[in-house]
Each structure stands twice: as C-alpha cells, then as structure tokens.
Amino acid sequence: MNLKRDLTAPEADRFRALCNFTDEERQVFDLRIRGKTVVEISMAVNMSEATVKRRLCSIRSKSAKVSQI
C-alpha cells in the first residue's frame, strides 16, 4: 500500500479508527497521506528521518493487519 496515493478519505478514517496508532504514528500517517515526503514529515514533527521511517514501518505493519480483516 502506498500511503501517499492509495487511500480515500473514508479508508484513512477507517485506519485511524482501527489501527491503534500512537500519537506520533498518527501525525506521520496524516502527513504521509497528504503526500508529504519523509524529509518534510521529519521537519514538520521535529523527528529524525530515521525515526519517521520507523514510524512508517510500524504504520504499514498495523495497516496490513487491519487490511486483512
């Protein structure tokens, strides 16, 4: 799943409701689905790029589990 382009607004809302994102994951998720790059996200939320990438990995993992439901 490409978080930058593949989600409609209702799908994004479903993932927010079911994935049990942490506050940081939710921030990263919201910025990513708006098309922001890792660098832009890291600057917006004051995290290193490596941390943003870890959050994205966690988001994808949680999203994949929800997608199977």
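What percentage of the 69 residues of the protein count as buried? In this predicted model the share is 35%, with buried meaning under 20% relative accessible area, exposed over 50% and partly exposed in between (1.4 Å probe, protein chains only). Local features need pLDDT of at least 70 and side-chain atom pairs count only at pLDDT 80 or more, while totals for chains, interfaces and linings use all residues. Residues are numbered from 1 along each chain as its sequence is written, and side-chain values use heavy atoms, leaving out hydrogens and water.

As for the overall fold, the protein has four helices and zero strands, which gives the pattern α-α-α-α along the sequence. Helices here are DSSP runs (H or I, at least four residues), as are strands (E, at least two), numbered from the N terminus. The radius of gyration is 11 Å, close to the 11 Å that the globule rule gives for 69 residues, so the protein is as compact as a globular protein of that length; the radius is taken over C-alpha atoms, and the rule is 2.2 Å times the number of residues to the power 0.38. The C-alpha trace spans about 35 × 20 × 15 Å along its principal axes. Among contacts (heavy atoms within 4.5 Å) with a separation of 6 or more, 56% come from residues 24 or more positions apart.

On the helix 2 side, the contact uses Glu24, Glu25, Val28, Phe29 and Arg32, which meet Val52, Arg55, Leu56, Ser58, Ile59, Arg60 and Lys62 in helix 4.

The loops bring a few positive phi values. Asn20, in the loop between helix 1 and helix 2, has a phi of about 55° although it is not a glycine, and counts as exposed at 64% relative accessibility. Asn46 sits in the loop between helix 3 and helix 4; its phi is positive too, near 60°, and at 75% relative accessibility Asn46 counts as exposed. Just after helix 2, Gly35 takes a positive phi of about 90°.
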